[in-house]
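Dear colleague,

Please find below the structure that I am handing over to you. My notes on what was found in it follow directly after it.

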Amino acid sequence: MLKSFTDQLGNQIQINFPPKRIVSLVPSQTELLFDLGLDEQIVGLTKFCIHPIEKFAAKQKVGGTKKLNLEVIRALRPDLIIGNKEENSKADIELLQQEFPVWMSDIYTLEDAGKTIDDIGALVDRQPEANYLNHLITAGFRDLQVLALQQKIDKTAAYIIWKEPYMLAGRNTFIHNVLTKIGLRNIITENRYPAMELSSLITLNPDFVFLSSEPYPFKEKHIEEIALALPNTKVMLVDGEMFSWYGSRLVKSVQYFFEFQRQLV
(Lines give C-alpha, C1' and ligand atoms only; values in the text may rest on other atoms or scores of the structure.)
Protein backbone atom coordinates (compact mmCIF):
# COMPACT_ATOMS: atom_id res chain seq x y z
CA MET A 1 0.00 0.00 0.00
CA LEU A 2 1.06 3.59 -0.52
CA LYS A 3 1.91 5.55 2.62
CA SER A 4 3.10 9.14 3.10
CA PHE A 5 5.92 10.31 5.38
CA THR A 6 7.57 13.67 6.05
CA ASP A 7 11.34 13.66 6.50
CA GLN A 8 13.35 15.86 8.87
CA LEU A 9 13.87 18.52 6.20
CA GLY A 10 10.13 18.88 5.70
CA ASN A 11 9.98 16.92 2.44
CA GLN A 12 6.95 14.70 1.99
CA ILE A 13 7.48 11.35 0.30
CA GLN A 14 5.15 8.53 -0.65
CA ILE A 15 6.39 4.95 -0.58
CA ASN A 16 5.12 1.44 -1.14
CA PHE A 17 4.81 0.34 2.48
CA PRO A 18 6.66 -1.48 3.86
CA PRO A 19 9.65 -0.78 1.56
CA LYS A 20 11.35 -3.82 0.06
CA ARG A 21 14.36 -2.28 -1.74
CA ILE A 22 16.23 0.20 0.45
CA VAL A 23 19.41 2.11 -0.39
CA SER A 24 21.11 3.64 2.65
CA LEU A 25 23.57 6.50 2.17
CA VAL A 26 24.86 6.96 5.73
CA PRO A 27 26.97 4.43 7.70
CA SER A 28 25.31 4.90 11.09
CA GLN A 29 21.83 4.70 9.57
CA THR A 30 22.82 1.61 7.58
CA GLU A 31 23.90 -0.08 10.81
CA LEU A 32 20.55 0.88 12.35
CA LEU A 33 18.66 -0.70 9.45
CA PHE A 34 20.58 -3.95 9.86
CA ASP A 35 19.94 -3.92 13.61
CA LEU A 36 16.25 -3.44 12.91
CA GLY A 37 16.34 -6.73 11.00
CA LEU A 38 16.25 -5.43 7.42
CA ASP A 39 19.04 -7.58 5.97
CA GLU A 40 16.99 -8.63 2.96
CA GLN A 41 15.51 -5.21 2.26
CA ILE A 42 18.86 -3.38 2.10
CA VAL A 43 20.01 -3.57 -1.53
CA GLY A 44 22.62 -0.80 -1.60
CA LEU A 45 24.93 1.08 0.76
CA THR A 46 28.04 3.27 0.64
CA LYS A 47 31.63 2.05 0.81
CA PHE A 48 31.82 3.54 4.31
CA CYS A 49 28.84 1.53 5.64
CA ILE A 50 31.15 -1.07 7.15
CA HIS A 51 29.06 -2.19 10.13
CA PRO A 52 28.17 -4.92 10.57
CA ILE A 53 31.24 -5.97 8.62
CA GLU A 54 30.00 -9.51 7.97
CA LYS A 55 27.04 -8.09 6.00
CA PHE A 56 28.91 -5.28 4.25
CA ALA A 57 30.67 -7.41 1.62
CA ALA A 58 27.49 -8.95 0.24
CA LYS A 59 25.76 -5.66 -0.54
CA GLN A 60 26.07 -3.45 -3.62
CA LYS A 61 28.21 -0.36 -3.01
CA VAL A 62 26.84 2.92 -4.36
CA GLY A 63 29.94 5.10 -3.95
CA GLY A 64 30.88 7.32 -1.02
CA THR A 65 28.61 9.44 1.14
CA LYS A 66 29.75 12.64 -0.58
CA LYS A 67 30.12 11.20 -4.08
CA LEU A 68 27.38 8.76 -4.97
CA ASN A 69 27.26 6.61 -8.10
CA LEU A 70 23.83 7.58 -9.33
CA GLU A 71 23.79 5.04 -12.15
CA VAL A 72 24.38 2.18 -9.72
CA ILE A 73 21.57 3.47 -7.52
CA ARG A 74 19.23 3.71 -10.51
CA ALA A 75 20.04 0.12 -11.47
CA LEU A 76 19.05 -1.06 -7.98
CA ARG A 77 15.52 0.32 -8.46
CA PRO A 78 15.09 1.35 -4.81
CA ASP A 79 11.63 2.00 -3.41
CA LEU A 80 13.25 4.02 -0.59
CA ILE A 81 16.53 5.91 -0.19
CA ILE A 82 17.62 7.08 3.27
CA GLY A 83 20.19 9.88 3.62
CA ASN A 84 21.34 12.69 5.90
CA LYS A 85 21.67 16.46 5.36
CA GLU A 86 25.25 16.72 6.64
CA GLU A 87 26.62 13.45 5.29
CA ASN A 88 25.35 13.58 1.72
CA SER A 89 25.85 16.00 -1.16
CA LYS A 90 22.85 18.28 -1.67
CA ALA A 91 23.30 18.05 -5.46
CA ASP A 92 23.22 14.24 -5.43
CA ILE A 93 20.16 14.18 -3.18
CA GLU A 94 18.26 16.65 -5.33
CA LEU A 95 18.87 14.51 -8.41
CA LEU A 96 17.73 11.36 -6.64
CA GLN A 97 14.61 13.10 -5.31
CA GLN A 98 13.47 13.62 -8.89
CA GLU A 99 13.33 9.84 -9.42
CA PHE A 100 12.91 8.10 -6.06
CA PRO A 101 11.40 8.57 -2.60
CA VAL A 102 14.30 10.00 -0.55
CA TRP A 103 13.94 10.37 3.23
CA MET A 104 16.49 12.69 4.89
CA SER A 105 17.55 12.98 8.52
CA ASP A 106 18.98 16.12 10.14
CA ILE A 107 20.80 15.40 13.41
CA TYR A 108 22.61 17.69 15.85
CA THR A 109 21.76 16.27 19.29
CA LEU A 110 21.16 12.98 21.05
CA GLU A 111 17.48 13.87 21.10
CA ASP A 112 17.55 14.31 17.32
CA ALA A 113 19.16 10.88 17.04
CA GLY A 114 16.39 9.34 19.12
CA LYS A 115 13.74 10.92 16.92
CA THR A 116 15.54 9.60 13.84
CA ILE A 117 15.50 6.06 15.22
CA ASP A 118 11.76 6.42 15.86
CA ASP A 119 11.12 7.94 12.44
CA ILE A 120 13.10 5.29 10.57
CA GLY A 121 11.40 2.56 12.62
CA ALA A 122 8.03 3.86 11.43
CA LEU A 123 9.30 4.30 7.87
CA VAL A 124 10.42 0.66 7.55
CA ASP A 125 7.73 -1.00 9.71
CA ARG A 126 10.00 -1.75 12.68
CA GLN A 127 8.54 0.47 15.40
CA PRO A 128 8.77 -1.99 18.35
CA GLU A 129 12.43 -2.68 17.62
CA ALA A 130 13.17 1.05 17.28
CA ASN A 131 11.37 1.80 20.55
CA TYR A 132 13.47 -0.78 22.36
CA LEU A 133 16.73 0.66 21.02
CA ASN A 134 15.66 4.13 22.12
CA HIS A 135 14.79 2.83 25.58
CA LEU A 136 18.31 1.44 25.99
CA ILE A 137 19.97 4.61 24.67
CA THR A 138 17.87 7.03 26.72
CA ALA A 139 18.35 5.10 29.96
CA GLY A 140 22.07 4.69 29.34
CA PHE A 141 22.79 8.35 28.67
CA ARG A 142 20.63 9.38 31.62
CA ASP A 143 22.87 7.25 33.83
CA LEU A 144 25.98 8.76 32.22
CA GLN A 145 24.77 12.26 33.07
CA VAL A 146 24.11 11.23 36.67
CA LEU A 147 27.60 9.73 36.93
CA ALA A 148 29.16 12.88 35.49
CA LEU A 149 27.52 14.90 38.26
CA GLN A 150 28.45 12.41 40.96
CA GLN A 151 32.08 12.27 39.84
CA LYS A 152 32.19 16.07 39.31
CA ILE A 153 33.84 15.69 35.91
CA ASP A 154 33.03 19.18 34.52
CA LYS A 155 36.26 19.50 32.48
CA THR A 156 37.00 21.44 29.30
CA ALA A 157 37.78 19.55 26.12
CA ALA A 158 38.73 20.06 22.48
CA TYR A 159 37.81 17.38 19.95
CA ILE A 160 40.02 17.27 16.84
CA ILE A 161 38.69 15.60 13.70
CA TRP A 162 41.32 16.59 11.10
CA LYS A 163 44.96 17.53 10.64
CA GLU A 164 46.60 20.00 8.21
CA PRO A 165 44.78 22.08 9.03
CA TYR A 166 43.58 21.07 12.44
CA MET A 167 39.79 21.03 12.44
CA LEU A 168 37.73 20.71 15.58
CA ALA A 169 34.15 19.89 16.48
CA GLY A 170 32.43 23.12 17.48
CA ARG A 171 28.94 24.04 18.59
CA ASN A 172 25.88 22.89 16.68
CA THR A 173 27.36 19.43 16.06
CA PHE A 174 26.39 15.99 17.30
CA ILE A 175 29.88 15.55 18.79
CA HIS A 176 29.45 18.74 20.84
CA ASN A 177 26.17 17.46 22.23
CA VAL A 178 27.66 14.09 23.17
CA LEU A 179 30.52 15.84 24.98
CA THR A 180 28.01 17.72 27.13
CA LYS A 181 26.12 14.51 27.91
CA ILE A 182 29.19 12.91 29.50
CA GLY A 183 30.09 15.89 31.65
CA LEU A 184 32.48 17.86 29.42
CA ARG A 185 32.51 21.47 28.26
CA ASN A 186 33.53 22.00 24.65
CA ILE A 187 36.14 24.74 24.68
CA ILE A 188 35.42 25.56 21.01
CA THR A 189 32.78 28.28 20.77
CA GLU A 190 32.54 28.51 16.97
CA ASN A 191 29.82 26.61 15.12
CA ARG A 192 30.35 23.44 13.11
CA TYR A 193 33.98 22.46 12.33
CA PRO A 194 36.36 25.43 12.52
CA ALA A 195 40.00 25.20 11.43
CA MET A 196 42.49 26.23 14.10
CA GLU A 197 46.22 26.71 14.48
CA LEU A 198 47.87 24.77 17.28
CA SER A 199 48.96 28.10 18.78
CA SER A 200 45.30 29.07 19.25
CA LEU A 201 44.57 25.77 20.95
CA ILE A 202 47.50 26.40 23.30
CA THR A 203 45.89 29.71 24.27
CA LEU A 204 42.60 27.96 25.07
CA ASN A 205 44.48 25.44 27.26
CA PRO A 206 41.78 22.74 27.56
CA ASP A 207 41.88 20.04 30.23
CA PHE A 208 41.59 17.38 27.52
CA VAL A 209 42.30 17.10 23.81
CA PHE A 210 40.66 14.18 22.05
CA LEU A 211 42.11 12.92 18.75
CA SER A 212 39.41 11.12 16.82
CA SER A 213 39.96 7.89 14.91
CA GLU A 214 37.81 9.32 12.08
CA PRO A 215 37.57 11.00 9.64
CA TYR A 216 41.32 11.61 10.07
CA PRO A 217 43.02 8.45 11.37
CA PHE A 218 44.92 9.89 14.31
CA LYS A 219 47.44 7.48 15.86
CA GLU A 220 49.65 7.31 18.94
CA LYS A 221 52.39 9.27 17.12
CA HIS A 222 50.12 12.32 16.94
CA ILE A 223 49.65 12.43 20.70
CA GLU A 224 53.28 13.43 21.28
CA GLU A 225 53.11 16.46 18.97
CA ILE A 226 50.13 17.97 20.75
CA ALA A 227 51.20 16.89 24.23
CA LEU A 228 54.51 18.73 23.77
CA ALA A 229 52.64 21.90 22.88
CA LEU A 230 50.09 21.55 25.69
CA PRO A 231 51.98 20.12 28.69
CA ASN A 232 49.08 20.74 31.08
CA THR A 233 46.54 19.01 28.86
CA LYS A 234 45.77 15.29 28.75
CA VAL A 235 45.80 14.18 25.10
CA MET A 236 43.87 11.00 24.26
CA LEU A 237 42.97 8.93 21.21
CA VAL A 238 39.23 8.26 21.07
CA ASP A 239 36.94 6.07 18.99
CA GLY A 240 35.30 8.48 16.58
CA GLU A 241 32.40 6.14 15.89
CA MET A 242 31.36 6.34 19.53
CA PHE A 243 31.23 10.15 19.43
CA SER A 244 29.76 10.73 15.98
CA TRP A 245 27.66 7.73 14.92
CA TYR A 246 23.99 7.99 15.75
CA GLY A 247 21.51 5.15 15.34
CA SER A 248 21.93 1.80 17.06
CA ARG A 249 25.67 2.42 17.56
CA LEU A 250 24.60 4.57 20.52
CA VAL A 251 23.80 1.42 22.49
CA LYS A 252 27.48 0.45 22.29
CA SER A 253 28.50 4.05 22.94
CA VAL A 254 26.86 3.96 26.36
CA GLN A 255 29.18 1.19 27.56
CA TYR A 256 32.16 2.91 25.94
CA PHE A 257 31.42 6.14 27.81
CA PHE A 258 30.99 4.40 31.16
CA GLU A 259 34.60 3.24 30.79
CA PHE A 260 35.66 6.55 29.26
CA GLN A 261 34.37 8.63 32.16
CA ARG A 262 36.79 6.84 34.51
CA GLN A 263 39.68 8.37 32.58
CA LEU A 264 38.29 11.89 33.03
CA VAL A 265 38.28 12.00 36.83
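Helix α5 (residues 110-123) lies across β6 and β7, and runs at about 165 degrees to β7. Helices (H or I, at least four residues) and strands (E, at least two) are DSSP runs, numbered from the N terminus. Axes are lines fitted to C-alpha atoms, for helices over the stretch in contact, and angles run from 0 to 180 degrees between N-to-C directions; contact means heavy atoms within 4.5 Å.

Please note that this is a predicted model, in which local features need pLDDT of at least 70 and side-chain atom pairs count only at pLDDT 80 or more, while totals for chains, interfaces and linings use all residues. Residues are numbered from 1 along each chain as its sequence is written, and side-chain values use heavy atoms, with hydrogens and water left out.

The sheet with β6 and β7

The two strands under discussion belong to an open sheet of 5 strands in the order β5-β4-β3-β6-β7, with parallel pairing. Two strands pair if DSSP finds at least two bridges between them. At the edges are β5 (60-61) and β7 (102-105), each of which pairs on one side only.

Strand β3 (residues 22-24) pairs with strand β6 (residues 80-84) in the parallel sense over 3 bridges, and Ser24 stands opposite Ile82 of β6. Strand β3 also pairs in the parallel sense with strand β4 (residues 42-45), over 3 bridges; here Ser24 stands opposite Leu45. Between β3 and β4 the chain passes through α1, and this β-α-β crossover is right-handed (with the strands pointing away from the viewer, the path from the first strand over the helix to the second runs clockwise). Strands β4 and β5 run parallel and are joined by 2 bridges, with Gln60 in β5 as the bridge partner of Gly44.

Asp35 lies in helix α1 (residues 27-35). Its relative accessibility is 45%, so Asp35 counts as partly exposed; buried means under 20% relative accessible area, exposed over 50%, and partly exposed in between (1.4 Å probe, protein chains only). The C-alpha atoms of Asp35 and Ser248 are separated by 7.0 Å, although the two residues are 213 residues apart along the chain.

Strand β8 and its partners

Strand β8 is mostly covered, with 6 of its 8 residues buried. It pairs in the parallel sense with strand β10 (residues 184-186) over 3 bridges, where Arg185 is the bridge partner of Thr156. Strand β8 also runs parallel to β12, to which 4 bridges join it, and Ile160 stands opposite Leu211 in β12.

With strand β9 (residues 166-168), β8 pairs in the antiparallel sense over 2 bridges, and Met167 in β9 is the bridge partner of Trp162. The two strands form a hairpin with 3 residues between them, and Glu164 in the turn has a positive phi of about 60 degrees.

Helix α7 (residues 174-181) is likewise mostly covered: 7 of its 8 residues are buried. The buried residues include Phe174, His176 and Lys181. Just after α7, Gly183 takes a positive phi of about 95 degrees.

Aromatic pairs and charges over rings

A search of the whole structure finds 15 aromatic pairs. Rings of Phe, Tyr and Trp (its six-membered ring) pair if their centres lie within 6.5 Å; planes under 30 degrees apart count as stacked, over 60 as edge-to-face and the rest as tilted. The ring centres of Trp162 and Tyr216 are 5.4 Å apart and their planes are at 80 degrees, so this pair is edge-to-face. It links distant parts of the chain, 54 residues apart: Trp162 is in strand β8 (residues 155-162), and Tyr216 is in the loop between β12 (208-212) and α9 (220-229). Tyr216 also forms a tilted pair with Phe218, at 4.7 Å centre to centre and 50 degrees between the planes. Both Tyr216 and Phe218 are buried, whereas Trp162, at 34% relative accessibility, counts as partly exposed.

One aromatic cluster is formed by Phe141, Tyr159, Phe208, Phe210, Phe243, Tyr256, Phe257 and Phe260.

Finally, the charged end of Lys3 sits over the ring of Phe17, 4.4 Å from its centre, and the charged end of Lys61 sits over the ring of Phe56, 4.4 Å from its centre. A charge sits over a ring if NZ of Lys or CZ of Arg is within 6 Å of the ring centre and within 35 degrees of the ring normal.

Yours sincerely
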